[in-house]
Every structure is written in C-alpha cells, then in structure tokens.
Amino acid sequence: MRPMQENIKVLYFANKCLEPYVVIITGNDSVMPRWSVCSSEEGNRSEGEEPEDILPVLRNHSQLLNDQHIESLANHIPARTQGYPWNLVYSTAIHGTSLKTLYRQMAHIDSPVLLVIKDMEKKVFGAFSSHPFRVSDCCYGTGETFVYSFDPAFKAYRWSGENSYFIRGHMDSLQIGGGGGLFGLWLDADLYYGASFPCHTFNNQPLSTQQDFTVQDLEVWTVQ
C-alpha cells in the first residue's frame, strides 16, 4: 500500500542532512568530451561553414524527452559530459516504480546521471547529478549538480554555494538539495509521491506544478 500523501512532509523534515556529515566528492574534470556525430549532411557543408548544434545520441527511446528538452539539457550539462551518447538506466515504464530497483540499476555505474520526471499535470522537471544515485549515510555530489524545470521554457537552478546538501539516498526516499528543513526535490520509496520546495542549495523555485506532486513517469539517463 502506498503511503498517504499528507505524510510526505513528516518524512522529508525528519531526514535532514546535517552539516558535519556532508562529504563533497570531487569529479575528474580532466576527461575530454567525445563528440558522437552522425549526420547525412556532414559532407554537404561548405568550407568555413559552422556546424549546427547536434543533439546527443539517445541509445534508447525516451517517453518523456522531446528534441527541445534534449537540446536545452545538452547545453547546460557540464562540458566534460557533452558529446557522449545518453543511455537509459531506469524507467518506471520498464522497471516499475521502486526506488530500490533504481538504486540496483545504478550499482555498477560510475558517471553523472540525468533524472527526468513528468508529474500528473504533465510538467517535466528533474535534476542533473554529478554522481549516480545510491544509498548513503551522508550527502554527496559536487557543485556540478543542478535542478531544472520546463515551465514551459527551460530553467536551470545551479549550486548557490550556501551549503553542500547535493544528494542523499535512503531506502525510503531520495533527496536532492536542502536547507531550512526543505528539499529541492524529494521522492518516496515507490517513486510515486514527490515534493519540491525552494531550498538553499540551489535557490530554486518549486520544480513541479504543485509543491507536493504525483509522478506519472520517471527516467534516469547516464550522460557520460
């Protein structure tokens, strides 16, 4: 049985990540991006003509992302992740609705991931995480992590520098961003109920249509 939605706030106020337990994991920025270009028009450009922006290659079909979404996100992810194909790691449509399964799908991944959510109001939003989601005793991640929404125009909320509450994984919830007892993005164990509030980590506006929302579909992609 799914938990009642009115119980959500009790969970994410009770699971605050305290400053003494924060661990910042530094990323390896020395990796050079590799561009994966496949275009039938490549040989037709005149000499000196600038190539058009090329969308990243998605190796799996997305039920949530269209070309506009992909282009906006590709232009905002860190340079070290650009040019790589995107691979679908987890999808509620394929794997069911379970945070435990999401963690299991990422157990052998060591690369940044892109979380994409569509709520019942058809709004698309999510987060770029510098590290894959996992169960953790403390907060982890780097300042590359950000949250975003399409409202319908794309808005990215980057690290404010106020704290380092980037990501924390529990068996019963996934938390992204924090401060002041509020999370920028919170998901329950069933990946069904969620919440999004302004938080100090990103100085963001609520990402969803309502601060408490119900998930219609969710996907996680590796982008490196």
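Q: How many residues lie between strand 2 and strand 3 in their hairpin, and which residue in the turn has a positive phi?
A: Bear in mind that this is a predicted model. Four residues lie between strand 2 and strand 3 in the hairpin, and Lys122 in the turn has a positive phi of about 70°. The two strands run antiparallel and are joined by six bridges, with Phe128 of strand 3 as the bridge partner of Leu114.

Q: Which other strand is joined to strand 2, and by how many bridges?
A: Strand 10, residues 212–222, runs antiparallel to strand 2, and seven bridges join the two. Within strand 10, Val220 is the bridge partner of Leu115.

Q: How should I read the two faces of strand 2: are they covered or exposed?
A: The general idea is that side chains in a regular strand alternate between the two faces of the sheet. In this case both faces are covered, with Val113, Leu115, Ile117 and Asp119 buried on one side and Leu114, Val116 and Lys118 buried on the other. Seven of the seven residues in strand 2, which spans 113–119, are therefore buried, each having under 20% relative accessible area.

Q: Which strand forms a hairpin with strand 4?
A: Strand 4 forms a hairpin with strand 5, with three residues between them. Four bridges join these antiparallel strands, residues 146–150 and 154–157, and Ser149 stands opposite Lys155 in strand 5.

Q: How many salt bridges are counted, and what does Arg80 pair with?
A: The criterion is a side-chain nitrogen of Lys or Arg within 4 Å of a carboxyl oxygen of Asp or Glu, and by this rule the count comes to two. In one of them Arg80 pairs with Glu144, the closest N and O atoms being 2.8 Å apart. Because Arg80 lies in the loop between helix 2 and strand 1 and Glu144 in the loop between strand 3 and strand 4, the pair ties together parts that are 64 residues apart in sequence. Both Arg80 and Glu144 are buried.

Q: Where do Asp151 and Lys123, the residues of another salt bridge, lie in the chain?
A: Asp151 is in the loop between strand 4 and strand 5 and Lys123 in the loop between strand 2 and strand 3, so that the pair links distant parts of the chain, 28 residues apart. Their side chains meet at 3.3 Å, N to O. Asp151 is partly exposed, with a relative accessible area of 45%, whereas Lys123 counts as buried at 11% relative accessibility.

Definitions and conventions: Residues are numbered from 1 along each chain as its sequence is written. This is a predicted model: local features need pLDDT of at least 70, side-chain atom pairs count only at pLDDT 80 or more; totals for chains, interfaces and linings use all residues. Side-chain values use heavy atoms; hydrogens and water are left out. Buried means under 20% relative accessible area, exposed over 50%, partly exposed in between (1.4 Å probe, protein chains only). Two strands pair if DSSP finds at least two bridges between them.
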